[in-house]
Amino acid sequence: MMNIDIREIYDAIHRGDLRFAMWVMRHLSPELENLFRDSDDPAVRLCYLRAKAMTYRALEIYRPCPILGPAGPTLRPRQRAMIETILTNHWMSWQRGNTPEPVCRNVFKRSEGEEELRGDDAKVAIVFGRHIHSNPLYIESDFYVHFNKSCKDYGCDVYAYNADDITYSQEIKNKNNICINKSLDELSNFLEKVRPDIVVTDGNFSPSKDTINSKYWMEKKELLKFKLAICVGDSYDDSCNIQEWLDCSDVVITMNETSLQTYGKRNVMTIPSIPLSESLLKESDSKDIPISCIGSANRNRDAWLRPFQALGVKIFASLHDRTKENAPNSEKYRDIMGRSKIIFNNGVVSPLVHIQTGRFYEAIMSKAVVLEEVGSPAYKYFSEYVHYIPVANIDQAISFSQFLLENEDWRSMIANSAKDYWNKYYATTLFWESLIRRLK
């Protein structure tokens, strides 16, 4: 084995000389890899994961942190002191007013002289697919659940419509002989019976011959005289064209402030998250899950989680394909969120696009501290290290988790400050008030 004693590699890892140890591990013969992959030493197992990182994203995530140094099974005194200093300095600067407020905090701010609006006299039709991708094999769509429930919480007279058959083109509809004209007739009957003032619907798909389209909505608006809001959460310029929705809707709701398609458009409302129902997302009394990560098995989430497991740091992980067979249902998901002390989240779409997912806000409403991969627009809505913890690599994610689990006062203070800031600037009632005001 290149005439290098295994003890030399172990010693190098424990003194922080990872470059040498990783170089050796990359040049091992396959029959010797188990010496490090299955080592009893957690730090060695983590170094092996770093050495085997090959893609640009994995190398970025596993690059040793130049600030805190390599993470280990427990915090080293230097790491503990540095994290305490980072949090204290940011917290004191925030309390003294020296830290600038997030730039997007006034997204729902009333204009001078405007009074609070309630939804008591508004009749709203919520038209979303009930399942992810409008496919009954998948779990329930959080858009369908939260738009419906939060609108009711706001006080509107709400009528929900399951639009699985008219949104998203997919093979399963053809197999089931679903007729788009018949499905649209059923929606028309629903709208004519309800006679809504406002229709809020899904536009997170490309309209086609077997989906609803702008022509249908313009005809119904003219006939029934309602206002139309279309939600296009994933309005990414490189993957969709939303001009058809811009042409027919009174308001397009989007969660991507970087889209050139929506830039400067008067009928666009950019929001941080879908309107989450606070009555569904609550802190659990137990808080018995130290760290959790739930979500689809993409965005390199497995690369983030393996080091926690290699070091023996307890983490509840559920990465899935969003099917009913493999993913937790809505109730189970919210239960795990409420019981979690810390929640890891990331929103990498492409090297140039990072989003702030709804899970960021679900975690805040569940009184968990969010570990958010840097790159998302979270800093535009919340203050780093005061309301959430930005992490650029696994060493930061693990070390901050260890510190917060050792220091409940810090963890609770960050979680509470984030929830208070959400209540003040981004509460769901503020979203509905802002939307209804624009549609009046």
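Strand 9 (residues 340-345) and strand 12 (residues 369-373) run parallel and are joined by four bridges; strands count as paired if DSSP finds at least two bridges between them. The model is predicted: local features need pLDDT of at least 70, side-chain atom pairs count only at pLDDT 80 or more, and totals for chains, interfaces and linings use all residues. Residues are numbered from 1 along each chain as its sequence is written, and side-chain values use heavy atoms, with hydrogens and water left out. Helices (H or I, at least four residues) and strands (E, at least two) are DSSP runs, numbered from the N terminus.

Within the pair, Ile343 stands opposite Val370 in strand 12. The open sheet has five strands in the order 8-7-9-12-13, with parallel pairing. Strand 8 (316-320) and strand 13 (389-391) are at the edges with a single partner strand each, so one side of each has no neighbour in the sheet.

Angles run from 0 to 180 degrees between N-to-C directions, with axes fitted to C-alpha atoms, for helices over the stretch in contact (heavy atoms within 4.5 Å).

| Helix | Strands touched or crossed | Angle |
|---|---|---|
| Helix 13 (residues 330-339) | strand 7 (289-296), strand 8, strand 9 | about 110° with strand 9 |

Elsewhere, Ser249 is in the loop between helix 11 (243-248) and strand 5 (251-254). Ser249 is buried at 7% relative accessible area (buried is under 20%, with a 1.4 Å probe and protein chains only). Beyond neighbours within four places in sequence, Ser249 contacts Lys221, Leu228, Ile230 and Asn267.

Technical notes
Buried < 20%, exposed > 50% of the residue type's maximum accessible area, 1.4 Å probe, protein only.
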